[in-house]
Amino acid sequence: MRKELLKVENVTVRFGGLVAVNDFSLNVAQGTIHALIGPNGAGKSTTFNCISRFYQPTSGRIVFDDTDITHAPASEMARYGIARSFQNLELFNELTVLENVMIGAHVHCGGSLPDRLQAKPPAVMRHIEEVIERTGLGPYREHKARNLDFGHQKLLELARALAIRPRLLLLDEPAAGLRNREIASLDRLLTDLVRTDGLTVLIVEHVMQLVMSISDRVTVLNFGTKIAEGTPQEVRNDPAVIEAYLGKEAAHA
Amino acid sequence: MDLQLALLFLQQGVASGLVVGSVYALLALAIVIIFKTSEVPNFAQGEMLMAAGYVALYLLVFRALPAWASISMTIVVAFAGAALFRRVVLTQVAHASGSPVNLVIATLGLSYVLKGLVRQTGFGDTPRSFPALVSTDSLMIGQASVTRLDLAILGTAIIVMAAFFWMFGYTKLGRAMRSVGMNPKAAQLVGVNLNRIHTIIWGLSGAISAIAALLISPKLLMTADMGSVVTLGFAAAIVGGFASLPGAVVGGFIIGIVEQLVGLFVSSRAITLAPFLAIMLVLILRPQGLFGGRVVIKKV
Amino acid sequence: MRILGLLAAMAGLIVLPLISSGYVVYLANLLLTFTVLCLGMHIVIGEAGQFSLAQAAFYGIGIYTSGLANTAFGWPLPLSVLASGLVAALVGLCIGTLALRMRDIYLALATFAFGEAMQWVFLSWTPVTGGPNGLRIPPASLLGFEIVNDRQAYPVVLAITILMIWATVVIARSRLGRAFRAVRESEVAALAMGVSVQTTKLAAFALSAFFAGVAGAMFAIYSTYIHPDSLGFQTTILVLTMVVVGGLGSFSGAIGGAIVFGLISELLRQAPSYQEIIYGLILIVFMMFAPRGLFAFIGDNLKRFARA
């Protein structure tokens, strides 16, 4: 039995009178890829933002590696080893690829004053170069993030998150807007990160091709409530899921 | 200080505070409508007021035009000038760089240009007094002495604010403005012409500043530096939460009264410090302002 | 090539007082002071993207701290320069802690109001500032020598400037400098990378106050008199204009802007009535057409010209 790295326990989020997420629970096992899917407005992003501590749940608990992080500030997440990407790209646009990734390693550049003053701390640079190579951003190292094409900007989001050296990687629609070839390489990269580096990934995604291929488990949300959970195969055949996505008739067809 | 005197000061302070406060409220309103819709604190608001004051002075005294003509021309000029600045300058600034800091710098630039221009005309080199259009005979309300002019100022300011709130709350234009303030993208989707609304808002803000100028000028010595009165408008806006229109109005009255009370109870020199102290107090005690709502979460 | 240029500039700066008139040396001191002021503003606006409008107030705090350290305590020069920076930074820390609790624009507004309030303090606190009469600044002393004129002050002023330029470079390349730019570019992403956004903003603000305080101490080395009138919003705008002319966010621009526009503003003293219009127009026109500053603007156009 694998250890549960992330536990979301009975989380409810209300915005005014609107219930965005309703009594939602989720366990993510260490060393797995767990996908969170559902139709638009199902509450996936809200849940995701609660875990990365950008939103505060109205009630419920979030536990990471046996530590309650329900009230921890968002800026502490990197130190816990939780990294996230952003759905609508939140890159440091005017900075170079290298600088973007270096800021990802912010929490590893601490220590004594001379360490903090170093422009390129050697211990950190090795890992940064590795991340840049692995994500295929090497040739663009000195390009400004703003000038990259969309596919590479998405990769830079991922690279920057990896520079945190996370134990849990939260990805918000990493494949949205990518071409098939790019999705295939993202698929390879994520699988490799989990299999060889032991990373744990929670991914919110609409691109089913990717979800079905990489996920160990899939959780389906609709109207803020969990409607199904299981392996990709189980979820694909679940009538409730088909109904949520395609409407009632399709489920009974 | 004995109680009798303190009570007298209190009444006088509140009375004169309401009068000047009504002008600060107008100024705060002019600042907040721009900020609400474009997230830019307009640092030229005070100089827009100052320039409008000099336009009125020129028409009324040097051209000897009748009051109604001078007043309406001043308001029209202020509307057109502010709208033009938004349309020509700020559009281009936003086009050249997306940073809001640049827009703020452009408004600082405008404030200096206006100040310099007024000095260049020669009207701004000596302090001038603006003729009162209403008699300055004083009358007593309770133990406070106010002039007819004071009452006219307060009355006009309240009428203008009422008209503004009616426009903002109940007309098609007001609805469009509110929608731009809440969600510009959605407003654009439902057919609101963003550029046009922003231009009108700037014009309106200029016109309100002009009215504030007409109201406050008779009570001050006019100089090219009189735009510094804007500090009080900003203080009022901050007290009100900076994004709330009713907050701006209440903030204006609070600042007006506090300023007058400080003047009476402490010293007239300490008045300069009043807006700063008010801003700091609000920041310490209630950083979202008295009327600020909860913090809006940025969608990520 | 770059190193050669730098060496040439250094050599020029060192021999300057030997070959020029007293006025030129005075001007050089003034421009170096403005350079440090601009570096301070560059850190808070250019690097961290936070808008502070109290540079003149911190500059004033530096001048008076220095004056006080000289007369009342008789501190040695390095100590009084350091004290000027630290006192300014401390005051900045207090204002910043309050102003940065809420929306970003509060910093601009609170610092604006703070600047006005400080000018009032400078005018009223007669025992320290001389009030409306201004203050005679006693000569500073270094290692037992009294610095009595511009020529003697110049090497000290130059040394401090070089030190501050070096500090700016080190900070910009450090972890803190990266955090500044991260906050400027995207606060949410910075948060997710573990940058504490509030602390970072506060650090930028306090650092910029420190630079302004040191600039004040530099002024006190070569000047004999200060009046609160020259410590108002006007001076903040002058520094802002310099940074804008040089290019917001560009380190060399901040220095270039201080020198180029410092010279222009010195020329403009001949026509004081046009000063305001010209400063204002420069701010507007640069924001409209050359938001990245004069040097980037010339560079871009040269490239375009070369291609055509």
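This is a predicted model: local features need pLDDT of at least 70, side-chain atom pairs count only at pLDDT 80 or more; totals for chains, interfaces and linings use all residues.

Student: Which elements of chain C make up the side that touches chain A?

Tutor: Helices α7 (150–173), α8 (175–185) and α9 (187–192) of chain C each give two or more residues to that side. The largest share, seven residues, comes from α8(C). By class, the side of chain C that touches chain A divides into 10 nonpolar, four polar and six charged residues.

Student: What makes Arg181(C) and Glu99(A) a salt bridge?

Tutor: Their side chains meet at 2.7 Å, N to O. The cut-off is 4 Å between a side-chain nitrogen of Lys or Arg and a carboxyl oxygen of Asp or Glu. The distance of 2.7 Å is within 4 Å, so the pair counts as a salt bridge.

Student: How much area is buried between chain C and chain A?

Tutor: About 2,100 Å², of which carbon and sulfur atoms give 63%. Of the area that chain C buries against chain A, Arg175(C), Arg178(C) and Met193(C) supply 38%, more than any other three residues. The contact takes 20 residues from chain C and 28 residues from chain A.

Student: What does chain C do with chain B in terms of contact and buried area?

Tutor: There, 41 residues of chain C are in contact with 47 residues of chain B. The two chains bury about 3,900 Å² between them, with 78% of it on carbon and sulfur atoms.

Student: How do you know that Glu276(C) and Arg119(B) form a salt bridge?

Tutor: Their closest N and O atoms are 2.7 Å apart. The limit is 4 Å, so the pair qualifies. The count between chain C and chain B is one salt bridge. On the side of chain C that touches chain B, α5(C) gives the most, with 12 residues. That side has 32 nonpolar, five polar and four charged residues.

Student: Why is the pair of Phe43(B) and Phe112(C) called edge-to-face?

Tutor: The ring centres are 5.4 Å apart and the planes are at 75 degrees.

Student: What makes helix α1 of chain A mostly covered?

Tutor: In α1(A), residues 44–51, eight of its eight residues are buried. Among them are Lys44(A), Phe48(A) and Ile51(A). Just after α1(A), Arg53(A) takes a positive phi of about 70 degrees.

Student: Why is Leu193(A) called buried?

Tutor: Its relative accessibility is 4%, and the cut-off is under 20%, so Leu193(A) counts as buried. Leu193(A) is in helix α7 (residues 180–197) of chain A. Leaving aside neighbours within four places in sequence, Leu193(A) is in contact with Arg134(A), Leu162(A), Gly198(A) and Leu199(A).

How values were computed:
Residues are numbered from 1 along each chain as its sequence is written. Chains are lettered from A and ligands numbered from 1 in the order in which they are written. Side-chain values use heavy atoms; hydrogens and water are left out. Contact means heavy atoms within 4.5 Å. Buried area is the accessible area (1.4 Å probe) that two parts lose on being put together, summed over both. Helices (H or I, at least four residues) and strands (E, at least two) are DSSP runs, numbered from the N terminus. Ala, Val, Leu, Ile, Met, Phe, Trp, Tyr, Cys and Pro count as nonpolar, Asp, Glu, Lys and Arg as charged, and the others, Gly among them, as polar. Rings of Phe, Tyr and Trp (its six-membered ring) pair if their centres lie within 6.5 Å; planes under 30 degrees apart count as stacked, over 60 as edge-to-face and the rest as tilted. Buried means under 20% relative accessible area, exposed over 50%, partly exposed in between (1.4 Å probe, protein chains only).
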